[in-house]
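Please read the following report beside the sequence and the 3D view, and look up each residue as it is named. The report takes up one topic under each heading.

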Amino acid sequence: MSEDRVSITPLKDGPLEVKGAVRINASDGTEIKEADTVYLCRCGGSSKKPFCDGTHKKIGFTSDVEA
Ligand code: FES
């Protein structure tokens with residue numbers, strides 16, 4: 001697999017780990033962040049969406065699906 005590809009990995013009972021050069025945009029196209037690694041909320045509880053803020057631990061988020 002090429003190292004310049006972006007990889008997305010669901011962390012156990014936590015966020016999506018996105019590794020690779022990525023640009024995160026708002027729905028209007030405005031850039032929010034450029035980074036090599038970001039963690040995106042998948043529990044729905046973050047107050048910093050689309051990023052994980054650790055709330056998944058407080059609310060006991062679990063995921064039956066690892067992908
Ligand atoms: S996955 Fe971490 S706050 Fe939602």
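## The lining of the largest cavity

In this predicted model, the residues that line the largest cavity divide into four nonpolar, five polar and two charged.

Rolling a probe the size of a water molecule over the atoms shows where empty space is left.

Is Ser63 buried or exposed? Ser63 counts as buried because its relative accessibility is 15%, and the limit for that class is under 20%. When residues up to four places away in sequence are not counted, Ser63 touches Asp13 and Arg42.

## Glu17 in strand β2

Glu17 is found in strand β2, and with a relative accessibility of 14% this residue counts as buried. Which residues does Glu17 touch, not counting residues up to four places away in sequence? They are Ser7, Ile8, Thr9, Leu11, Thr37, Val38 and Tyr39.

One of these residues, Tyr39, is also joined to Glu17 through a polar contact of 3.0 Å between the two side chains.

## Salt bridges

A search of the whole structure finds three salt bridges. In one of them, Lys12 is paired with Asp13, and the closest N and O atoms of this pair are 3.8 Å apart, a distance that counts because the limit for a salt bridge is within 4 Å. Lys12 is exposed, at 62% relative accessibility, whereas Asp13, with a relative accessible area of 23%, is partly exposed. Asp13 is also one of the residues that Ser63 touches.

Arg23 takes part in a salt bridge with Glu31, where the closest N and O atoms are 3.3 Å apart, and in a salt bridge with Glu34, at 3.1 Å from N to O. The pair of Arg23 and Glu34 links distant parts of the chain, since Arg23 belongs to strand β2 (residues 16-25) and Glu34 to strand β3 (residues 31-40), eleven residues apart. Through salt bridges that share partners, Arg23, Glu31 and Glu34 are joined into one network.

How accessible are the members of this network? Arg23 has a relative accessible area of 51% and is exposed, while Glu31, at 43%, is partly exposed, and Glu34, at 48% relative accessibility, also counts as partly exposed.

Note on methods. Residues numbered from 1 in each chain as written. Predicted model: local features only at pLDDT ≥ 70, side-chain atom pairs only at ≥ 80, totals over all residues. Heavy atoms only, no water. Salt bridge = Lys/Arg side-chain N within 4 Å of Asp/Glu carboxyl O. Buried < 20%, exposed > 50% of the residue type's maximum accessible area, 1.4 Å probe, protein only. Helix = DSSP H or I, 4+ residues; strand = E, 2+ residues; numbered from the N terminus. Nonpolar A, V, L, I, M, F, W, Y, C, P; charged D, E, K, R; others polar. Contact = heavy atoms within 4.5 Å. Polar contact = N/O pair within 3.5 Å; in protein donor to acceptor, adjacent residues only side chain to side chain.
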